[in-house]
Amino acid sequence: VLCATDFSEVSKKALLYAAAIAHSHRARLNILHVLPADARMPIPVESFPSDLDREWQEAKSNLRVIENEGLPPGLEHEAMLERGPILGVISDLIRSKKIDLLVLGTHGRSGMNKFLLGSVAEELFRVSSCPVLTVGMQVPSAAENGPQIHTILFPTDFSSVSLAALPYALSISKAGARQLILFHVVTPKDASAQHLDGVVTIAEKRQLEALDVTRRMEALVPDDVKKSCNVQYLVSFGAAPKRISEAVDRYRPDLVVMGIKKYSAPRAATHVHWSIAHHLVCRARCPVLTIRL
């Protein structure tokens, strides 16, 4: 497990989740802080030795505090301090350390602030080669005995991107969840593409569309998962970001699992204000696990 931290309050919350997950799975926890590579001076200068670099020393001190006060006893871990571009540093560590899970805290900027400042968290889950657990500002701190995952929400549009995350949702469900909710949103575009002969009213069309979608979702879940937990299939109509967020608010899952698309220019993707993943991370009161295809 790799947890990237900037020592903010939301990063501390993410660390609790990362430590609990690593402890429960007997995994090694890697804690990383990245300092910017660019010199904060108009004229490039030769780098200070690390023992004279105040920023470096402060970061080392913060990492020592985390190791001494923020981790379960006996947890195998390594605290790392690097300097460089954060995307490059984390991507390299994921490969070199063979990371299975990246855990991030995010302040969840939205609207114009997000357009101007970007979102490091979304850039990371768009480019990360491993699953990413994102912990937003609205997420409560993990319990002392670790995050309790009783209800999982899996939004799906049946695309290959979405279905890439399905094995993770199923596996976590089998590991002890009480409820798995599969959720599909029929968008206006999807609905207009339907040709239902003999159906007159909108209500009738929606009823048949919901029945068809429910059958498709039922076919995604193997029998052993259906036996191990309560599986629900929910269908909604409208704009996907809004309806999925409403479902998170209504059903209060402990975890959202979803697939996301890889972008060749991830920074540009973070400026798409209707991004479903970012919309969820900003608002969700539970962690969001994203799997990139």
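This report walks through the fold, the sheet, selected helices and a few local features of a predicted model.

## Overall make-up

The protein chain has 293 residues, and 46% of them count as buried. Its secondary structure comes to 13 helices and 10 strands. Among contacts with a separation of 6 or more, 82% join residues 24 or more positions apart.

## The sheet

The 10 strands form an open sheet with mixed pairing. Their order is β3-β2-β1-β4-β5-β10-β9-β6-β7-β8. β3 and β8 (230–237) stand at the edges. Each has a single partner strand, so one side of each lacks a neighbour in the sheet. From one strand to the next, the twist averages 20°.

Helices pack on this sheet. Helix α1 (residues 9–24) touches β1, β2, β4 and β5 (132–135). The direction of α1 makes about 140° with that of β5. Helix α11 (residues 240–251) also packs on the sheet, touching β6 (151–155), β7 (179–186), β8 and β9 (255–260). The direction of α11 makes about 155° with that of β7.

## Strand pairings

Strands of a sheet pair through backbone hydrogen bonds, either parallel or antiparallel. β2 and β3 run parallel and are joined by seven bridges. Within this pair, L32 has M80 of β3 as its bridge partner.

β6 has parallel pairings with β7 and β9. Five bridges join β6 to β7, and two join β6 to β9. On the β7 side, F154 stands opposite L182. On the β9 side, I152 has L255 as its bridge partner.

## Burial of β6

How many of the five residues of β6 are buried? The count is five of five, so the strand is largely enclosed by the rest of the structure. Both faces of β6 are covered. T151, L153 and P155 are buried on one side, and I152 and F154 are buried on the other.

Helix α3 spans residues 86–96. Its residues V89, I90, S91, L93 and I94 are buried. An α-helix has 3.6 residues a turn, so residues three or four places apart point the same way. The cover over the buried residues of α3 includes β1 (2–4), β2 (29–35), β3 (77–83), β4 (102–105) and α5 (120–127).

Helix α5 has its own buried set. Six of its eight residues are buried, so α5 is largely enclosed by the rest of the structure. The buried residues are A121, E122, E123, L124, F125 and R126.

Most residues other than glycine have a negative phi. K98 is not a glycine, yet has a positive phi of about 55°. Is K98 buried or exposed? K98 is exposed, because its relative accessible area is 70% and the exposed class begins over 50%.

F158 also has a positive phi, about 70°, and is not a glycine either. Its place is the loop between β6 and α6 (160–163). F158 counts as buried because its relative accessibility is 14%, and the cut-off is under 20%.

## Rings and cysteines

What lies over the face of F158? R216 does, at 3.9 Å from the ring centre. The count of aromatic pairs comes to zero.

A disulfide is a covalent bond between the sulfur atoms of two cysteines. The structure holds zero disulfides. C3 counts as buried, at 0% relative accessibility. C130 is buried too, with a relative accessible area of 6%.

## The loop at A284

A284 sits in the loop between α13 (276–283) and β10 (288–292). Its relative accessible area is 3%, so A284 is buried. Leaving aside neighbours within four places in sequence, A284 is in contact with Q138, V139 and V248. A284 and R252 are 32 residues apart in sequence. In space, their C-alpha atoms are 8.9 Å apart.

How values were computed:
Residues are numbered from 1 along each chain as its sequence is written. This is a predicted model: local features need pLDDT of at least 70, side-chain atom pairs count only at pLDDT 80 or more; totals for chains, interfaces and linings use all residues. Side-chain values use heavy atoms; hydrogens and water are left out. Buried means under 20% relative accessible area, exposed over 50%, partly exposed in between (1.4 Å probe, protein chains only). Helices (H or I, at least four residues) and strands (E, at least two) are DSSP runs, numbered from the N terminus. Contact means heavy atoms within 4.5 Å. A disulfide is a pair of cysteine sulfur atoms within 2.5 Å. Rings of Phe, Tyr and Trp (its six-membered ring) pair if their centres lie within 6.5 Å; planes under 30 degrees apart count as stacked, over 60 as edge-to-face and the rest as tilted. A charge sits over a ring if NZ of Lys or CZ of Arg is within 6 Å of the ring centre and within 35 degrees of the ring normal. Two strands pair if DSSP finds at least two bridges between them. Axes are lines fitted to C-alpha atoms, for helices over the stretch in contact, and angles run from 0 to 180 degrees between N-to-C directions.
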